[in-house]
Amino acid sequence: MTHNPDNRETSPETPADLIEVAGGLDRLAHAERQSADAGLESRLFAGSRDALGIHAGETLKFPRSANSRAWRLAASFALLVGGTAVAFWAASRQSPPPASSQRLASQSQDSPLDVETIRDELEDFLTAAESIDVGEIAASPEETGSFWGDDVPSFMEDSM
Amino acid sequence: MPDSSPSRGPADPAALIVRAAAGDEGAWRDLIALYGRRVYAMARSRCRRDDLAEEITQSVFVTVAGQLSTGSYSERGRFESWLFRVTMNRVRDEVRRRQRHAAPTDALRIGQSVEAPVTMASTAQDDLEALREAMGTLADADRDVVELRHHAGLSFKQIAETLDEPIGTILARHHRALRKLKETIEQLRETVRRLQ
């Protein structure tokens, strides 16, 4: 399968007058192969092993950078905030309302007892109002001669 | 869990490919030992830079490993043709990319076909360096055949498979390339003799 360069100078494909050139090319090729820095094969193996290892089921490794780390932090923070908000929302829908809310709700509702009490208080107020002599209160100074009428306060009598 | 230790004994490429495709890291290590420097030599010949050649070689093996692991390649005795076709494509892409962005003074370093400078020939002590420079005078199609034959170590049949050309065409190109290289080197030597 592989060609043996060592036998090339006697290869039947090479004309006799060109054997020297062919031999020179073989030596040049050998020099090119040896011109690589030491450890070429190890570097080639190390550099291509991952490409071959993917098929073998090895874990994919992505290089980490400062940029990707910042993205990971931002994504984690966003998930944390979002998760907290959803948790609060869900909890507020399931728990009973606080006591203050209950009081407000009860005050806003009309109970029969409250209506009765208000009615009683209103009747008492109207009864008391009817008992007041509104005529005296409504009398003008022209009718009475004085704003105070006959009941002039004592401290006003000195100035009159 | 696949065995991660290198396999022992003579390496059978077909068996290694099957095992590597199953995730056997030892088999993959052996495949790299078999072909790593040949791929590297192909890339080094064209781009003429050690670091770039290794980068291209690494890229080729990552591609091949990915294809093997996903089952995109099925072993039918043409692994080498496929491997070096991947290599050639990657080298061409890289050379084109570098040519677009390179300064004009970088021409020699990115594999452009340029005439070998006379100053190099007049001072060259190394025939290999002269041959390396002469490679730059070849047409790309001929240079592909030369590099697949000598740097990658493929047979003419494998080169024909790699380039999807008849084997007769490959033999003719190889012959023409060797002839061209011989003429170029003789011209360089003649130039050196005249200068001396």
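Me: How much area do chain A and chain B bury between them?
Reply: About 4300 Å², with 63% of it on carbon and sulfur atoms. Buried area is the accessible area (1.4 Å probe) that two parts lose on being put together, summed over both. This is a predicted model: local features need pLDDT of at least 70, side-chain atom pairs count only at pLDDT 80 or more, and totals for chains, interfaces and linings use all residues. Residues are numbered from 1 along each chain as its sequence is written, chains are lettered from A in the order in which they are written, and side-chain values use heavy atoms, leaving out hydrogens and water.

Me: How many residues of each chain are in contact?
Reply: 39 residues of chain A are in contact with 57 residues of chain B. Contact means heavy atoms within 4.5 Å.

Me: And how many salt bridges cross the interface of chain A and chain B?
Reply: The rule finds four. A salt bridge is a side-chain nitrogen of Lys or Arg within 4 Å of a carboxyl oxygen of Asp or Glu.

Me: Which residue forms a salt bridge with Glu41(A)?
Reply: Arg37(B) does, and the closest N and O atoms are 2.8 Å apart.

Me: New topic. At what angle do helix α1 and helix α2 of chain B pack?
Reply: About 135 degrees, with their axes 8 Å apart. α1 covers residues 13-21 and α2 residues 25-47. Helices are DSSP runs (H or I, at least four residues), numbered from the N terminus. Axes are lines fitted to C-alpha atoms over the stretch in contact, and angles run from 0 to 180 degrees between N-to-C directions.

Conventions:
Helix = DSSP H or I, 4+ residues; strand = E, 2+ residues; numbered from the N terminus.
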